[in-house]
2 protein chains.
Amino acid sequence: MSLKNDLLLRAARGESTDRTPVWLMRQAGRILPEYRAVREKLSGFKELVETPELAAEVTIQPVDILEVDAAIIFSDILVIPEAMGLTYEMIEKKGPHFPKTIKSSSDIDTLKVADPSELSYVYDAIKLTKSELNNRVPLIGFAGAPWTIFSYMVEGGGSKTFSKARGMLYTNPSDAHRLLDMITNTTIGYLKSQIAAGADLIQIFDSWAGVLPPNHYWEFSLKYISEICDAIDEVPITVFAKGAWFALKEMNDLNCNTIGLDWNMDPLKTREVLNSKTLQGNLDPCALYSSFDEIEKETKKMLDQFEGHPHIANLGHGVYPDTDPEKVKCFINSVREFSSR
Amino acid sequence: MSLKNDLLLRAARGESTDRTPVWLMRQAGRILPEYRAVREKLSGFKELVETPELAAEVTIQPVDILEVDAAIIFSDILVIPEAMGLTYEMIEKKGPHFPKTIKSSSDIDTLKVADPSELSYVYDAIKLTKSELNNRVPLIGFAGAPWTIFSYMVEGGGSKTFSKARGMLYTNPSDAHRLLDMITNTTIGYLKSQIAAGADLIQIFDSWAGVLPPNHYWEFSLKYISEICDAIDEVPITVFAKGAWFALKEMNDLNCNTIGLDWNMDPLKTREVLNSKTLQGNLDPCALYSSFDEIEKETKKMLDQFEGHPHIANLGHGVYPDTDPEKVKCFINSVREFSSR
């Protein structure tokens, strides 16, 4: 049962490929009318996450419609705090909200390291997706980095400053480490179960990496990402730490295959530092608002900058919801065309 | 009429000082009960900005209470779009909101390069403050960088992705340049009038520098900051471009005296690149949530890292509103004590 298209996995392992593989962060989502049609029938976002048949359906949509080289399981990084005992709500147009947040040591006492079986709906979705994909392309599993999950649990949602989450690193570092440790252990079990269910590659999203000063990033984030990478040797791992430009050297030493780059990072400078890693990214998602001609030009420019280095084409951030799917196709087709020459 | 305390200006010019000067971004504001007492009596934030007597009063409060080495005029960067024809509201606990935003070329046609006299209430506040300060410390004037002002005008407020403002740089670069040019010209006249009214130093805030890819940052932001720096030679200029770690080399060539650093930036690495500039910053504002002992330690560590390089002590971001003023005093006193040894 080998994959018909294994470009992603081969590029992740640093092997040569006939062309550059391409997929998009948030490819399963609001850019597709077919996604919105599924979503509209439901009571909310979480119903979609928690119903394996529907999660599998929207996971496969971009493979059928956009012809990307990988699927990524439709889910949310916040299933981890929920399994640990902290429920979240997804508020339309606003984002996630935790009615209860972590403020103190006794709040942490109410949480547990979750047994992986609590998230069986995710593994069921992975199994269904794998079966329906029928080995056309690899399936990516994922989780949030412990620091990013921690931030949501302490802040209760997004934040301009993340001053509550960052503040705890100064006022109560030992409790911060205790919570990060619980998140890390839950995440490792969760990812291993995703792999057992069929995930071919794992991506770790550290969305709020960029808000930490370098010394805190190493102590409170990279340390735990490193633990996760060390615990998983079944499949290739990608680490996408948005804004962590100051930690590239240290990321080159992570026990992972691929580093995702945001659109701030210069491919030419970055590949010199991350010389032992496959690089993923990093077209500015706003470039997809351009004309078709401009998208081709920008995509070619990006490919040229990664030329000769193991590369997985992607955007430097999740695709923005108001992007025209035809423009997304133009990006994907440009990668196919220009990288196979 | 020379200043009794001119540490800030001498440090900005790279001259030696007996100790490191210190002030805080957002020092005039919600951290002080004395500020909140003034603010509570008013209909809103804008009444405070537009009433010179009150703006002067809250500008001087931190000089009296915290004993900082500089005052910064209490105002808002969004007075510029307002003078150009785009009114803003300040919504409590949410931030600024523009009921009308810039979407098209014809929206830009409705705007004008504002005559500096339209912002006379700011100059009146500066004159009053200068008179009441009686030369105790220098007074800092300021403006937003054109890219940051542009972002607010296009987005209508803050944003997670700034995808509208950033999108226009791809879809309509010539209109983007037209608007940035109008903002730049308005800003130059505004800053010259602040200086004529008595401002001793000018700081330019590029709050949203970090959302641009490097090539766009140079073309759509740094170019205009550079024009402002070239137009002003009356007083020292400080440029604080939050998140612009990728443009440090180019900032070393700006016609300004001081570069402000956010808390992500490593002083030791940064001072090598910005070798021709005084550096300002960059303690993590969250460090002020720590114990007094820890604040002393963190402040000393920061001072040590800037030791031997012209330096103005500050935080790496505006002080957070929920910071205990006694902790702010601890930071200020630590700078005084440790830098004069």
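Student: First up: at what angle do helix α8 and helix α10 of chain A pack?

Tutor: Quick note before that: this is a predicted model, where local features need pLDDT of at least 70 and side-chain atom pairs count only at pLDDT 80 or more, while totals for chains, interfaces and linings use all residues. Residues are numbered from 1 along each chain as its sequence is written, and chains are lettered from A and ligands numbered from 1 in the order in which they are written. Now, α8 (residues 146–155) and α10 (residues 173–197) of chain A pack at about 120 degrees, and their axes are 9 Å apart. Helices here are DSSP runs of H or I with at least four residues, strands are runs of E with at least two, and both are numbered from the N terminus. Axes are lines fitted to C-alpha atoms, for helices over the stretch in contact, with angles from 0 to 180 degrees between N-to-C directions.

Student: Which residues of α8(A) and α10(A) make the contact?

Tutor: From α8(A), Pro146(A), Trp147(A), Ile149(A) and Phe150(A). On the α10(A) side you'll find Leu179(A), Leu180(A), Ile183(A), Thr184(A) and Thr187(A). Contact means C-beta atoms, placed from the backbone, within 7 Å.

Student: OK, new topic. What's the strand order in the open sheet of chain A?

Tutor: Its 7 strands run β1-β4-β5-β6-β7-β8-β9, with parallel pairing. Two strands pair if DSSP finds at least two bridges between them.

Student: And which strands are at the edges?

Tutor: β1 (71–72) and β9 (311–315) of chain A, each pairing on one side only. β9(A) pairs with β8(A) (residues 278–283) over 5 bridges, and Leu279(A) stands opposite His311(A) there.

Student: Which helix packs on the sheet at β8 and β9 of chain A?

Tutor: That's α14(A), residues 292–306. Its direction makes about 155 degrees with that of β8(A).

Student: Why do we say the copies meet through the same surface?

Tutor: Because 100% of chain A's interface residues are also interface residues in chain B.

Technical notes. Two residues are in contact if their C-beta atoms, placed from the backbone, lie within 7 Å.
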